[in-house]
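Colleague: Could you walk me through this structure? I have not looked at it before.

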Amino acid sequence: MSGAGKAHQSRSVARLAAIQALYQMEVSGAGAETVVREFIDHRFGSEIEGEPLAEADEAFFGDLVRGVVIGQAKIDQLIAKRLATGWRLDRLDATVRSILRAGAYELSTLQDIPTEIVIDEYVEIAKSFFEGVEPGFVNGALDAIARDERG
């Protein structure tokens, strides 16, 4: 795999891990630093049935998790603005909420990452968790947030 391909894959792994970490924080009440440290110390670089897991961009992972936590009020407003009338963020599945928060964070804060890549990555993550309407919902919501934040 080329250097650019490895960098892309390590960011993809970091995004997926960030969704898992955000979900874990929400359901357990653990803080960002505790969860980031747990992932770096115990999950990254692991093996499943003797096969090494793909490497994660640990710095990017940490930035995503911390950035979502620090900017959560703004991020939640960006998402809530794009929900159907009468829907609240807390009515969404916790995994969907984590996906939207991480995607909205990237779209609003990490302007150097192309919009299409951010949206595609989070839609693929949604597809890894859901077979129903959720990936399409994630796509539509992040596309609208991208228009709001990036024009």
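Modeller: The buried residues of H4 are Ile-75, Asp-76, Leu-78 and Ile-79; buried means under 20% relative accessible area, exposed over 50% and partly exposed in between, with a 1.4 Å probe and protein chains only. They lie on the same side of H4, because they cover an arc of only 155° around the axis, the arc being that of the directions from the helix axis to the C-beta atoms. This is a predicted model, in which local features need pLDDT of at least 70 and side-chain atom pairs count only at pLDDT 80 or more, while totals for chains, interfaces and linings use all residues. Residues are numbered from 1 along each chain as its sequence is written, and side-chain values use heavy atoms, leaving out hydrogens and water.

Colleague: Which residues are exposed on the other side of H4?

Modeller: Ala-73 and Gln-77 are exposed there.

Colleague: And what do the buried residues of H4 pack against?

Modeller: They pack against H3, H5 and H7. Helices are DSSP runs (H or I, at least four residues), numbered from the N terminus.

Colleague: Changing topic, where does Ser-108 lie, and is Ser-108 buried or exposed?

Modeller: Ser-108 lies in helix H5, residues 94–109, and is buried, with a relative accessible area of 11%.

Colleague: What does Ser-108 touch?

Modeller: Not counting residues up to four places away in sequence, Ser-108 touches Lys-74, Leu-78 and Glu-149; contact means heavy atoms within 4.5 Å.

Colleague: What about Leu-142?

Modeller: Leaving aside neighbours within four places in sequence, the contacts of Leu-142 include Leu-100, Leu-107 and Tyr-122.

Definitions and conventions:
Helices (H or I, at least four residues) and strands (E, at least two) are DSSP runs, numbered from the N terminus.
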